[in-house]
Amino acid sequence: DINDRRYHAQPIACPNCGPQLSFVAGARIEHGEPALAAARQMLLEGAIVAVKGLGGFHLACDADNPQAVELLRERKFREAKPLAVMTRDLQTAASFAHISPDAAALMTSPQAPIVLVEKNLDAPLAASVAPDVGTYGVMLPYTPLHLLLLHDLPVRALVMTSGNLADEPLCIDNDEARRRLADIADGFLLHDRDIFIGCDDSVVRPTARGPVLLRRARGYVPFP
């Protein structure tokens, strides 16, 4: 019943009728598992991939590859502002950052925000990920596509920054993203679930007095 709200339920994942993945890079188009494989390979080669998320697109690259991160900054016109990263689990996050119990609780919460954590200076990510600050903004995968992308991907973390040019709104539509991000992304990992309302990632800093929300967005809005 198309008038039933459950018709539009996000958990519906029939392998025959949806949702469907695709990867587009120039004239190349892949679907399903080959789309994931193509996106992973491009990331490993130092390219930039636009990934469709829950509230908009992310621009992703290998956070340990300084050339890839610098290229992303150059194309996005984002000179020095820290870039958020996504890693597959807390154990991997602990390889490049100091994850306190409070930070771990926030990262694994249903809200799954970007959490500011102290860098591990013995094994940092590429210097250009977060220059001139002592923290990384780290989040865990919060959609099935993120989990699939990071599964078996031999990198510690991916830069996952908002899919837009500096000071422009987020891209939320496939065609819009391919048009507006064409000069930034080398490829596009897409799905056919429409995003109806754009929403950026929330940013939280754990403190001794409890979490401080620096950006209230996905997972926290519209709650007061």
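Modeller: Ala, Val, Leu, Ile, Met, Phe, Trp, Tyr, Cys and Pro count as nonpolar, Asp, Glu, Lys and Arg as charged, and the others, Gly among them, as polar. This is a predicted model, in which local features need pLDDT of at least 70 and side-chain atom pairs pLDDT 80 or more, while totals for chains, interfaces and linings use all residues. Residues are numbered from 1 along each chain as its sequence is written, and side-chain values use heavy atoms, leaving out hydrogens and water.

Colleague: How do the residues of the lining of the second largest pocket divide?

Modeller: Into twelve nonpolar, six polar and eight charged. A pocket is an open set of points on a 1 Å grid over the protein atoms alone, where a 1.4 Å probe fits, with protein on both sides within 12 Å along at least five of seven lines; lining residues have an atom within 4 Å of a point. Of the 26 lining residues, those closest to the centre include Arg 78, Lys 81 and Arg 215.

Colleague: Why is Cys 61 called buried?

Modeller: Buried means under 20% relative accessible area, exposed over 50%, and partly exposed in between (1.4 Å probe, protein chains only). Cys 61 has 0% relative accessibility, so Cys 61 counts as buried. Cys 199, at 25%, therefore counts as partly exposed.

Colleague: How many disulfides are there?

Modeller: The count is zero. A disulfide is a pair of cysteine sulfur atoms within 2.5 Å. For Cys 61, the nearest cysteine sulfur is that of Cys 171, 17 Å away. For Cys 199, the nearest is also that of Cys 171, 15 Å away.

Colleague: Which residues of helix 2 are buried?

Modeller: In helix 2 (residues 66–76), they are Ala 68, Val 69, Leu 72, Arg 73 and Lys 76. A helix here is a DSSP run (H or I, at least four residues), a strand likewise (E, at least two), and both are numbered from the N terminus.

Colleague: What makes them line one face of the helix?

Modeller: Seen down the axis, the buried residues of helix 2 fall within an arc of 135°, so they line one face. The arc is that of the directions from the helix axis to the C-beta atoms. The face turned away carries the exposed residues Gln 67 and Glu 74.

Colleague: Why is Phe 77 called exposed?

Modeller: Phe 77 has a relative accessible area of 60%, so Phe 77 is exposed. Phe 77 is found in the loop between helix 2 and strand 5 (85–86). Phi of Phe 77 is near 60°, a positive value in a residue other than glycine.
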